[in-house]
Amino acid sequence: MREIINFNDKWFFAKPGEEQTPVTLPHTWNAKDGTDGGNDYWRGTAEYSKKFTRPASVSGERVYLEFKGAAMTADVSLNGKHLAHHEGGYSTFRVDLTDALQDENLLTVAVDNGVNNRVYPQKADFTFYGGLYRDVNLIIVPEKHFDLDYFGGCGVKVTTALSDNLKKATVTVQTWHNADSVDITVNGETKTVKDTAVFEIENPHLWNGKADPYLYTATAKLGSGDAVSVRFGIRKIAFDAQQGFILNNKQLRLCGTARHQDREGLGSALTRKEHEEDLKILLEMGANTVRLAHYQHDQYFYDLCDEAGLIVWAEIPYITADLPNGRENALSQMRELIIQNYNHPSIVCWGLSNEITVTGGVTESIIKTHKELNDLCHELDQTRPTTMAHAFMLSPDDPFVMTSDIRSYNLYYGWYVGDLKQNDEFFDDWHRKHPDAVIGLSEYGADANPQYQTGSPEKGDWSEQYQAVYHEHMLKMWSERPYIWAMHCWNGFDFGADGRDDGGKHGQNQKGLVTFDRKTKKDAFYIYKAYLSDEPFVHLCGRRYVDRAENTTRIKVYSNQSCVTLFVDGKEVGSKTRDKVFEFEVPISGEHEIKAVSGELTDTMVIRKVNKPNPDYSRPGQQVVNWFDRDDEIEREGYFSIKDSMAAIKANAEAKAAFDTMVMPLQKKLIAAYGDVAKNVKLPPEVQAMMDKMSVEATLKQMGALITPEFVHKLNHALNQVKK
């Protein structure tokens, strides 16, 4: 019989030159310094060690050590004998300890998350936590057992196929073992075969996403007593250039978030409790899909998605930069991802890469690696398509875009660049040019610190209000374009990115709809709930915007109900019938109780009138958005100004010269600050043309703290001297 012993307790940990300290797994050494900003978290090789007594196994049994995740490379030794080397920080691997076991044993694991040119990831906007951050198990199996060395898989692979009318299912169960035969049971029927059995199921109970995530079980058992049970779902998936994603012959509009596997104070060392809480939050907002970025996640979370019916995008950390010696590692991580996750019905596609062209464009190396990855995916799995997440600066007409079976784009119009409406224009133009190709939206978002509050939200202010406005637009855009196969908000949760030090918090990317500690759901969370959830609710936005300096304030309500009534200090001020977003103008003079009501649903908050804006509600040194008191101070009739478009400026040699003379030094500062990424970004003509529609003023706002009111006045004065 197989025995699994949890091996998380009684470890010792030490960095080079430091004393050992006792730790319990899961553990990462970057839980604090990986999320405090400065891009200076410790990366290197540290050692875990554990003493243990030989387990009570019988003659002929094999003893394996199973690592659910060791970031990023690991070398395993037992009693001074090196047994295994593994590269890839997010997948399961196992080590056969049997021949090196003694009565008393010393296990050592050297784990390395240091910089190298061969193991992904190496460049990305998230922290590469080091450590044994997932469970470790000891597995004891009979001499005849299911293969534990086959790329971390379970030894059982279940493939399902459905007839066109969904009334008949064929279930093929393939096994890997060293016995003469195996008994395989599915749906109450048992077959004895060498390694593969095929079952027919009439009128199968389908796995139907959140509506009905029904799971079957396949059990494989050897004469030795070793047995493996796996759950699987019977479903039919398809992707269509006009209808997007299709599940069991019906269109299913997919909208949800991406997710990183970390938490404030814990880093990547999560327990089942944190995984379960994340799933609960995603379900509360109504998400029916999740992109598990940018690497293989814990098997337990894929299990949770199977049970809940979430549609999953699974991917490897082939991201941002193509490593000189990284091709074999990318292929190895993809092989492990597919073999270990093949049986999950929630997974509908395999992600080849993310924004891989950012630092160097499309190269021969990138093309070759993607071709090999694509071929490998189809070799290992004929049931799911491949996908890619492309950076917005990759031309939609570049042949590389079509490498994968389906594809999505990461767009940040309205945050990093451009205006919100350019997201709509991008998809309309793309779909018009490529009507037979499947397209989705894999990333989009705006950073928000819930401390920052305003009555006049603007792009770049990091306010909770602007993030909400941004996502209102994006959801409306998605709802009007049924061909978008999936939209994955970046991100479900704030996450560790030690290279970041902005927006009032250190070491965090704050694009999450929920804060890093999961304690605060930002207002934008509830516009998703209004679009996606069937759970009736009403939500008052701006509850953290207590101190308000305006005489008349705007009260915004999100709800999936059709009518909302607003009360101020117990008095009704009005009712509105709207779709998801309800806005009211309310005069304020003191402290007021605001109450939103829809049927039996209510939400309440308190606001108060103040004489001056609360300085805690904005970033220290936040740029001045309105550089001039009046527009007539900016524009001079018949002459250029910052109100003109970039295209108009570029079309006039004198105006362009005036602009370049002042702006080029700032662009050099941007390159100095952001290095190769800023230096190597080259926009394709069609994207540049879209950007050039923006005014000079809007373009300047994107350059952040580099732009001062004094600079804007000088530039506008220079443009005012150039006749149109």
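Colleague: Which residues of helix α7 are buried?
Modeller: In this predicted model, local features need pLDDT of at least 70 and side-chain atom pairs count only at pLDDT 80 or more, whereas totals for chains, interfaces and linings use all residues. Residues are numbered from 1 along each chain as its sequence is written, and side-chain values use heavy atoms, with hydrogens and water left out. With buried meaning under 20% relative accessible area, exposed over 50% and partly exposed in between (1.4 Å probe, protein chains only), the buried residues are D523, A524, F525, Y526, I527, Y528, K529, A530 and L532.

Colleague: What orientation does α1 have to α7?
Modeller: The two helices pack at an angle of about 60°, their axes being 7 Å apart; axes are lines fitted to C-alpha atoms, for helices over the stretch in contact, and angles between N-to-C directions run from 0 to 180 degrees. Angles under 35 degrees count as roughly parallel, over 145 as roughly antiparallel, 65 to 115 as roughly perpendicular and the rest as oblique. The orientation of α1 to α7 is therefore oblique.

Colleague: How many charged residues does the contact of α1 with α7 have?
Modeller: Taking contact as heavy atoms within 4.5 Å, I281, E284 and M285 in α1 meet F525, Y528, K529 and L532 in α7. Ala, Val, Leu, Ile, Met, Phe, Trp, Tyr, Cys and Pro count as nonpolar, Asp, Glu, Lys and Arg as charged, and the others, Gly among them, as polar. By class, this contact of α1 with α7 has five nonpolar residues, no polar ones, and charged residues numbering two.

Colleague: With which residue does R518 form a salt bridge?
Modeller: A salt bridge places a side-chain nitrogen of Lys or Arg within 4 Å of a carboxyl oxygen of Asp or Glu. For R518 the closest N and O atoms are 2.9 Å apart, and the partner is D278. The pair links distant parts of the chain, 240 residues apart, with R518 in the loop between β30 (505–509) and α7 and its partner in helix α1 (residues 272–285). Both residues are buried, R518 and D278.

Colleague: Where does N248 lie?
Modeller: N248 has a positive phi of about 55° although it is not a glycine. With a relative accessible area of 5%, N248 is buried. Its place is the loop between β19 (244–247) and β20 (250–251).

Colleague: Which loop holds P121?
Modeller: P121 is joined to Y120 by a cis peptide bond, with omega about 0°. P121 lies in the loop between β9 (104–112) and β10 (136–141).

Note on methods:
Helices (H or I, at least four residues) and strands (E, at least two) are DSSP runs, numbered from the N terminus.
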